[in-house]
Amino acid sequence: MDNFQTVLRFFMNQKATIGYSFMALLTIGGERVFSMVSFQCPCNHDQNFAYGLTFLLGPAAVLLVFGLFFSSRLWRLYTGCCLNPMKLCPRGNCFNCIRVLMDIFTGACVAPVMWLCVALLNGTFYECAVSGLNENVVVELFCKNKTMKCREELARVPCERSKLSKDERTELLLMLRAQSQILGWCIIIIASTVGFLGTCLSNCRSKVSYLQLTFWKRYMEKEKEQFDTYAIEYATKLAERNLKSFFENKDPESFPFPNHKAWEEISALYTFCRSEQYYSTLQRYVERADRDFSPEKRPVMDLEHGIEMT
């Protein structure tokens, strides 16, 4: 039993690493599926570049949108900002808002960068895209000291329809694949270096020690888990109370509920302050001596124009 708890604790502490590893496996699998099933290079000068670039950058753009869409920090910062722009920059701290947005965008870029690296290391999409370029620099690079036939057949090199000899076609494919893999490794090196330097800068400017920062992260994880549990529990109780009132045709029972102002305060993004050493906006709210204790006896929402959330 102790061994099982040790293993479980290890996996819980390595959730981020396991998550990124799983994302990498999904990216590799998705790239292979695209390459083998749906990707068919047209092999002509007019379409190669657009077709290859679409398969190279299209999934990366979709993954970036998904990363932003599923970012709870983004929606926590953005929700309601049209009606109250100060939510984006509480206390006039625009620098912190920009920093949070950069953190959100950086986190959303992990999956797209993985896709680009895997796709470039494989080389299939890059070969199709670059072989369709008619730019003199590209043609001179691949067909230097070669016949005009190389220039005419360059777009057909990724396919079996090229009229070049097998040796010439293999040489051109190796050049295209080598360029693609070099570009892929450059992205990996740059992303790794930027990530490492960003982590170093963030830790260097940290207002708390390493151990307290570790505790802070653990606390935020546990608070989110407990909030989800409590939210489900209270939502269930409220639904049961409303259904009971409806079917029994009587007034609903009193149901103490946090007021609108309380929800607004705990929904704000928390920034560390030495004068207020709390670990979240929730802790800062519950420990305030002057907080508003008056609950909403009737937990309702004023929906504009009668539009109901679904």
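Q: Which cysteine forms a disulfide with Cys-41?
A: The partner of Cys-41 is Cys-128, and their sulfur atoms lie 2.1 Å apart. Please note that this is a predicted model.

Q: Where in the chain do Cys-41 and Cys-128 sit?
A: Cys-41 belongs to the loop between helix H2 (15–38) and helix H3 (48–69), while Cys-128 is part of helix H7 (residues 124–131). The two are 87 residues apart, and the pair thus links distant parts of the chain.

Q: And what is the handedness of the link between Cys-41 and Cys-128?
A: That link is right-handed, with 85° about the S-S bond.

Q: Is Cys-41 buried or exposed? And why?
A: Cys-41 is buried, because its relative accessible area of 14% falls under the 20% cut-off. Cys-128 is also classed as buried, at 1% relative accessibility.

Q: How many disulfides does a search of the whole structure find?
A: The search finds 2 disulfides. Besides the link of Cys-41 and Cys-128, there is a disulfide that joins Cys-43 to Cys-159, with an S to S distance of 1.5 Å.

Q: Which parts of the chain does the pair of Cys-43 and Cys-159 link?
A: Cys-43 lies in the loop between H2 and H3, and Cys-159 in the loop between helix H9 (148–153) and helix H10 (166–204). These distant parts of the chain are joined by residues 116 positions apart.

Q: Why is the disulfide of Cys-43 and Cys-159 called right-handed?
A: The torsion about its S-S bond is about 75°, so the disulfide of Cys-43 and Cys-159 is right-handed.

Q: Are Cys-43 and Cys-159 buried or exposed?
A: Cys-43 is buried, with a relative accessible area of 3%. Cys-159 counts as buried at 11%.

Q: What about Cys-186?
A: Cys-186 is partly exposed, its relative accessible area being 36%.

Q: Changing topic, which residues make the nonpolar surface patch?
A: The patch is made by Val-62, Val-65, Phe-66, Phe-69, Phe-70, Trp-75 and Tyr-78, and covers about 770 Å². H3 and helix H4 (72–78) are the elements that give two or more residues to the patch.

Q: Which element gives the largest share?
A: H3 does, with 4 residues.

Q: Where does Val-65 lie, and is Val-65 buried or exposed?
A: Val-65 lies in helix H3. This valine is exposed, because its relative accessible area of 52% is over the 50% cut-off.

Terms used: Residues numbered from 1 in each chain as written. Predicted model: local features only at pLDDT ≥ 70, side-chain atom pairs only at ≥ 80, totals over all residues. Heavy atoms only, no water. Disulfide = S-S within 2.5 Å. Buried < 20%, exposed > 50% of the residue type's maximum accessible area, 1.4 Å probe, protein only. Patch = residues over 30% accessible without salt bridge, like charges linked within 9 Å, V, L, I, M, F, W, Y side chains within 5 Å. Areas by Shrake-Rupley, 256 points an atom, 1.4 Å probe, with all protein chains shown as cover. Salt bridge = Lys/Arg side-chain N within 4 Å of Asp/Glu carboxyl O.
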